[in-house]
Amino acid sequence: MRTLPATGTSPHEITDDLFVHEPFAAEAAMEVAASAADSPWKAALKRLGKNRGVVPAFVLIMVITVLAFVGPLLTPYTYDGQNVAHSNLPPKISGLGWLGFDGLDSNGADLYAKRNITEAHWFGTDEFGRDMWTRVWKGTQISLLIALVAALLDLFIGVLYGGISAYYGGKIDNVMQRIIEVLVGIPNLIVIILFILILEPGITSIILAMTITGWVGMARIVRGQILQLKGQEFVLAARSLGVSNSRIMFKHLIPNALGPIIVTLMFTLPTAIFFEAFLSFIGLGLQAPLASLGVLINDGYKGMRLFPYKLVIPAVMISLIMISFNLLADGLRDALDPKMTK
Amino acid sequence: MNQPILTVDGLHVAFHSQRGEVHAVRGVSFCLQKQETLAIVGESGSGKSVTAKAIMRLLPKQSTSIPAGQITYAGQNVLALPPRELQSLRGAEISMVFQDPMTSLNPTMTIGQQLVEGISKHQRLDKAAAYEKAVNMLQLVGIPNAQERIRAYPHHFSGGMRQRVGIAMALACDPKVLIADEPTTALDVTVQAQILELMKSLQQRTGTGIILITHDLGVVANMAQKVAVMYAGEVVETGPIAEIFYRPKHPYTWGLLRSMPRLDAAGNEPLIPIPGTPPDLARQQQGCPFAPRCAHVMKVCKHFSPPLTEVSSGHTAKCWLLDQRAQQQERLAGVAGG
Amino acid sequence: MRLYFLKRLGVMLTTLFIIATVTFFLMKLLPGTPYSNPDKLSEQQLASLNQKYGLDQPLPVQYARYLGNLVQGDWGVSFQFKGRLVTDIIFKRIGPSVLIGFQAMLIGSIVGLGLGILSALRQNSLFDLGAVTMAVLGMSIPSFVFAALLQYYVGVKLGWLPPGLWEDYSYSILPSLALSVTVIAAVARFIRTEMLEVLTQDYILSARAKGISEFAVVWKHVVRNSLIPVVTMLGPMAVSIMTGTLVIEKIFSVPGLGEQFILSIMVNDYSVIMGITLFYSTLFILVVLLVDMIYGILDPRIREKWGEST
């Protein structure tokens, strides 16, 4: 912002000699009111940073992701190594006793002392003596991986389907849309469950099942975006310059449609995590000894009365992950929405 | 001189934005007589729309404030009215027509319902009578088949028709003042003329005073008796229409008049815009706000805000060129607009 | 408009047809037999059982019979509960599921709307921030976590409400509450966003300019226009409730359709699985259609669009 050019000292009173014609220097007269505008991505990034929930959410996700891979390495235990002597020990972290990590069970008894166990299990152990810390982080690892792969597959298929449908329009679009209309009528859960029944529960079947039902959402968003952009003039301009179809698609349409695509992707992640946990909870997810957050919650639920920590810890973990992803996705949506230029 | 029905005195309006306080209106004063049309002219960002909304206190409470000024209607200060009385005032004494007819009507209510809503609030009429009055208003503003159309929804009407409905809504309770915020800007030129004619004839019938906000000098010439020119939140010149068009005294007014395209201009004659852009209203200015763009700027203009000077009866302007001392310095030849 | 609904009906039926077909073939692909102890059966017994259930016919024939039966209301017999009609099982189990599902939607909508509307009107106040935070939590934390927590703390520790099973009406309260949390959160968020958007619209200014009371402005203009898009949420809401009932019923041991579904999956009771699948699908499609109709009733512009859709 240019200020009025300093003219030495400001006069304090109005004297006759002030009434002389004194034009501004050329550039001052041509003052540009608007500051150089940021590129849309930079502007969006700025908006993102201002959102109160986004930064802590992002940090939390980073921390959790790192721990998901590093966590299991921090202890000498493996996620499936059983040790009956150490079964059902409450969580114990020296120094954090006041937070509940004191190694005392729900009756206040110190099982560690009773059984002469010197090593502290930070998150306790389950009924087979498996270390919960390792299991929880391994489980987080698996849940995150499943979610990521499913989301990326959704993205890939959805973008392809929606992009082609929207770009070519006409009959192709019609047919493709009819197919989606019918598919949408089928409740996702049913398809997922049936799929898993056939394919045998496991990581691949879960990912496949979620992908099959999830791509539709992405396809619709992509199609909507591209249809909207297709009508805009910069596409006409590109066409009139003789740019090829695929180039238009990749260089012009998709980058501009990226905003909602990214947002949808971000929202797919917590949905995938939820679904996986849900399936595991009803027994259709991963099988023992594999652990995912859903499996852990299910196990924890069974022992809830006597060993609340078994439920609480994975429940808190999954809640934190979901909240963070949702906040992040929310923030992204607000930041990338062109209408929100406050 | 009759008593004015509405007086605005030293109005200041500020917006609280992320960049700080934006002073959109800085000490605006004018008055409106009965059956008079006052046009407030200015470019986008001059504060004219904000002024209009301020009169009816329609500005968002959370983000705006009125740090100073008085708005007097029928002896009362509008700015100090409690909510109940403010509601009685709106629609019945002072009402407003908005700029964009496509968005200023509720899309999920019939126009009849929207008309009757105002009517039954202000006038003691039962439902049937209120509807009848609504039909009358629609006929008055030239909606054909009013009896049937009254049950239609806004999206059944064209832009021009919707604006007529807007005018009907505004005039339904016989207000003494009608504020029209750029009522024709969003309409086609032919429809513009119709709407303006409509407003004029209604004014004749009802004696309503009209404050017409616009950036279009052509509209002003057609409708107004008095003109107030606004720039950067201030009124820089006010006067009867003949004075403003034939003997303007403020360089901004000259610029406005000169920049109007003319039918009788030669084919390749360039248009004459006013160089530069309006100032950033988030910053307090020193001196005259128009100084950076003024071809006749003097040293004094950069440091001191010009006082309101009376040019002739009813004609005032805020410019240092009108000061005695300036007249002695330079002979300003032939700068009147046109 | 009639044409529009006929079209929708057509799509609906196509979808159901596809679901039925897919379900049929998926069931055929499932490993294992529907009999409880296949190894104990001799070849002859197996053959006669297969004949009895029509499992020895070629696939297309089985398929045709299946479709025919479906339409006539014969959805087969449960393999787990010998001799009991699938339709019979479904009917017996619908009650509890519908009760908690319906209550959850009711509580969810009313509380959600209330919270959302108040938040929008008092934007950026403490109430608003609190409500938004709760909404984020409510939408992010999985419903079964809430259910487990409610069961433990309110049902067991505090003992205010029964933590499980199904004896009288009070047994439905905790499950309904657990289900309703996500609904409240989603509805509150959505209507808040809508209202904030509507509040910036020109016609709200017009309404105020007419001098009607602030209450009338909010109620007749803001809320009314904000409510319409919220109706579109009812579809996904119904889905999430149907999904949620599976888990909630398991946790609270509610003898509903969801619990039955899970049990049947565990014992490979194909006909019941198929039956419930079809049932849920039909229900879902009907809800979607219903929501569409409500949407049309509320928004006159949509009604017009229907009239002109090809």
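# A guided tour of a predicted three-chain model

Begin by selecting chain A, whose average pLDDT is 78, with 88% of its residues scoring at least 70. The model is predicted, and pLDDT is the predictor's confidence in each residue, from 0 to 100. Colour chain A by this value and select residues 1-7, where the pLDDT is below 50; this stretch has 10 contacts in the model beyond near neighbours in sequence. Next select residues 28-35 of chain A, where pLDDT also stays under 50. For residues 28-35 of chain A the model has 18 contacts beyond four places in sequence. Where pLDDT is low, the predicted coordinates should not be read in detail.

**Stop 1: a proline in chain A**

Select P56(A), which lies in helix 3 (residues 54-70) of chain A. P56(A) is partly exposed, with 13 other C-beta atoms within 10 Å. P56(A) and P260(A) stand 204 residues apart in sequence, and their C-alpha atoms are 22 Å apart in space.

**Stop 2: where chain C meets chain A**

Display chains A and C together. Here 35 residues of chain C are in contact with 29 residues of chain A. On the side of chain C that touches chain A, at least two residues each come from helix 1 (2-29), helix 5 (126-140), helix 6 (143-157), helix 10, helix 11 and helix 12 of chain C. Which of these helices gives the most to this side? Helix 1 of chain C does, with nine residues. By residue type, this side of chain C divides into 27 nonpolar, seven polar and one charged.

Now select helix 11 of chain C, residues 257-267. Its buried residues are L257(C), G258(C), E259(C), Q260(C), F261(C), S264(C) and I265(C). These buried residues pack against helix 7 (188-199) of chain A, and also against helix 4 (86-121), helix 10 (234-252) and helix 12 (270-298) of chain C.

**Stop 3: where chain B meets chain C**

Bring chain B into view. In this interface, 25 residues of chain B are in contact with 18 residues of chain C. The elements that give two or more residues to the chain B side are helix 2 (83-89), strand 6 (94-97) and helix 3 (111-122) of chain B. Helix 3 of chain B makes the largest share, four residues. The residues on this side of chain B divide into 10 nonpolar, 11 polar and four charged.

**Stop 4: the eight-stranded sheet of chain B**

Hide the other chains and look for an open sheet of eight strands in chain B, in the order 6-7-8-3-9-10-12-11 and with mixed pairing. Strand 6 and strand 11 (308-312) of chain B are the edge strands, each pairing on one side only. On average, neighbouring strands of this sheet are turned by 20° against each other, direction ignored. Helix 6 (residues 159-171) of chain B packs on the sheet, where it touches strand 6 and strand 7 (177-181) of chain B. The direction of helix 6 of chain B makes about 175° with that of strand 6 of chain B.

S312(B) has H315(B), in strand 12 of chain B, as its bridge partner.

Next select strand 9 (residues 226-231) of chain B. Is this strand enclosed or exposed? Six of its six residues are buried, so strand 9 of chain B is largely enclosed by the rest of the structure. K226(B), A228(B) and M230(B) point one way, whereas V227(B), V229(B) and Y231(B) point the other way. In a regular strand the side chains alternate between the two faces of the sheet.

Strand 3 (residues 37-41) of chain B runs parallel to strand 9 of chain B and is joined to it by four bridges. V41(B) stands opposite V229(B). Strand 10 (residues 234-240) of chain B pairs with strand 9 of chain B in the antiparallel sense over six bridges, and here V229(B) stands opposite E237(B). The hairpin of strands 9 and 10 of chain B has two residues between the strands, and A232(B) takes a positive phi near 50° there.

**Stop 5: the four-stranded sheet of chain B**

Finish with an open sheet of four strands in chain B, ordered 2-1-4-5 with antiparallel pairing. Strand 2 (20-32) and strand 5 (76-77) of chain B each have a single partner strand, so one side of each is left without a neighbour in the sheet. Strand 4 (residues 64-73) of chain B is joined to strand 5 of chain B by two bridges, and T72(B) stands opposite N77(B).

Note on methods. Residues are numbered from 1 along each chain as its sequence is written. Chains are lettered from A and ligands numbered from 1 in the order in which they are written. This is a predicted model: local features need pLDDT of at least 70, side-chain atom pairs count only at pLDDT 80 or more; totals for chains, interfaces and linings use all residues. A residue is buried if 20 or more other C-beta atoms lie within 10 Å of its own, exposed if 12 or fewer, and partly exposed in between; C-beta atoms are placed from the backbone. Two residues are in contact if their C-beta atoms, placed from the backbone, lie within 7 Å. Ala, Val, Leu, Ile, Met, Phe, Trp, Tyr, Cys and Pro count as nonpolar, Asp, Glu, Lys and Arg as charged, and the others, Gly among them, as polar. Two strands pair if DSSP finds at least two bridges between them. Axes are lines fitted to C-alpha atoms, for helices over the stretch in contact, and angles run from 0 to 180 degrees between N-to-C directions.
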